[in-house]
Amino acid sequence: MTDSARWTRVDDGRFQVDLLTADYQRHAFTRHSHSTFAIGVVVCGVEQFHYRGALHRAGVGSLAILEPGEPHDGQAADPSGWAYRVFYPPADLVFEDARSVHFAEAIVEDPRTVHLVRSAHEALTAGTDMFAAHSKLTWALAAVVHRHGSRLSGVSGLSARDAAAVRKVTEIRDRLMADLRDAPSLRELAAGVDLSPFHMLRVFRDATGFPPHTWLVLERVCRARDLLAAGVAPAQVASGVGFADQAHLTRWFKRVTGVTPAAFRNAVQDPVRTAA
C-alpha cells in the first residue's frame, strides 16, 4: 500500500463538513486535536492512536469517535498500513439540541452504524445527489449519538482556583493569537499571567493538552486551513501565519491533516465537490 489521501469539503450554505479518504502505510499524524468531532471507519488494516491516556487499535469495521479538543495522534499498527474514511462534523451537526453529547469509548464495534457512516461518506464524496447524501449523513450521525453517546445535562461549577487557572490560560491563548507570526518569549507569557515559566507551562498543558509552543503551531495550521480554503496560495499562507517557509508549512500541515496544503486547497476550491 502506498500513501494516498483526498480531502473533501461539502458546503451547501446550510451545513459544512470535511471528509478524509485515506490509505496510509508510512504516514504518522503528530499529536493534535480538532475543533470538530472526528468520526471514522477503518476499511483496511489496523490504525493505532493515543487518546485520553491510552493506546487504542482500530481494525477493519471499527468505528472511531473522537471528541473536539481531545489530543490524539495516529499511525499504522503494523507495516501493512491502514485505510479509513473520516468525517469531521462540527458540534452543531452532531447535537440535536443545546445539550452536549459525550462518547466514553473511542472505538466501538457496531456494524449497523459503521454501514451508515461509510454509506454517507461515499455519498458525500461522490457529490452526485446531495439531498440523498445529506439525508444519509443525518441518519449516520443520529445513529452514532443514540447508540454510543450519553447526554450531558449541565456543567459543574468550577472552584475559585480552577476558574483562575482558566482565566490565565485564556489570557495566554489570547496573547499567542494576537500575532501568530511573532510569538512572545516564554518569560513574557509567564510574566503576563503572574506565573513562573514552569508553572505557566504546567497550567497551560493541563488545560489544553499541549505546551504553548505546540499549541501555537497547531493554531497556525488551523489558520492556514481557513486561508487555503479561501483560495490563498500556500506560499502566501506560510508567511501569513508564521511558518518559516512553504516547506515548513507543508510538513506541519500534513502531519496534522494527512494531506498537503496544495491538495487541501484544491479539494476545497473544486466546485465539483461543493454542493450548488
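**Exercise 1. Is Asp179 buried, partly exposed or exposed, and what is its relative accessibility?**

Solution. The model is predicted; local features need pLDDT of at least 70, side-chain atom pairs count only at pLDDT 80 or more, and totals for chains, interfaces and linings use all residues. Residues are numbered from 1 along each chain as its sequence is written, and side-chain values use heavy atoms, with hydrogens and water left out.

Step 1. Set the classes: buried means under 20% relative accessible area, exposed over 50%, partly exposed in between (1.4 Å probe, protein chains only).

Step 2. Asp179 has 27% relative accessibility, so it counts as partly exposed.

Step 3. Look at its partner. Asp179 and Arg181 meet through their side chains in a salt bridge, 3.3 Å from N to O. The term requires a side-chain nitrogen of Lys or Arg within 4 Å of a carboxyl oxygen of Asp or Glu.

Step 4. Classify Arg181. At 54% relative accessibility, it counts as exposed.

**Exercise 2. At what angle do the axes of helices H2 and H3 cross, and which residues make the contact?**

Solution. Step 1. Axes are lines fitted to C-alpha atoms, for helices over the stretch in contact, and angles run from 0 to 180 degrees between N-to-C directions.

Step 1. H2 (residues 111-126) and H3 (residues 130-148) have axes that come within 8 Å and cross at roughly 150 degrees. H2 is therefore roughly antiparallel to H3. The scale: under 35 degrees is roughly parallel, over 145 roughly antiparallel, 65 to 115 roughly perpendicular, and the rest oblique.

Step 2. Assign the hand. The H2 and H3 crossing is left-handed. A crossing is left-handed if the near helix is turned anticlockwise from the far one by less than a right angle, and right-handed if clockwise.

Step 3. List the contact (heavy atoms within 4.5 Å). H2 supplies Arg112, Thr113, Leu116, Val117, Ser119, Ala120, Ala123 and Leu124. H3 supplies Met130, Ala133, Lys136, Leu137, Trp139, Ala140, Ala143, Val144, Arg147 and His148.

Step 4. Sort by class. The contact of H2 with H3 has 12 nonpolar, three polar and three charged residues. Ala, Val, Leu, Ile, Met, Phe, Trp, Tyr, Cys and Pro count as nonpolar, Asp, Glu, Lys and Arg as charged, and the others, Gly among them, as polar.

**Exercise 3. At what angle do helices H7 and H10 pack, and how far apart are their axes?**

Solution. Step 1. H7 (residues 212-229) and H10 (residues 261-269) pack at about 45 degrees, with axes 8 Å apart. H7 is therefore oblique to H10.

Step 1. The crossing of H7 and H10 is right-handed.

Step 2. Arg225, Leu228 and Ala229 of H7 meet Pro261, Phe264, Arg265, Val268 and Gln269 of H10. The classes are five nonpolar, one polar and two charged.

**Exercise 4. Where does Thr257 lie, and which residues does it contact beyond its neighbours within four places in sequence?**

Solution. Step 1. Thr257 is in helix H9 (residues 246-257). Its relative accessibility is 2%, so Thr257 counts as buried.

Step 1. Beyond those neighbours, Thr257 contacts Trp7, Leu20, Phe29, Val221 and Arg225.

Step 2. Compare sequence and space. Thr257 and Thr30 are 227 residues apart in sequence and 9.3 Å apart in space, C-alpha to C-alpha.

Definitions and conventions. Helix = DSSP H or I, 4+ residues; strand = E, 2+ residues; numbered from the N terminus.
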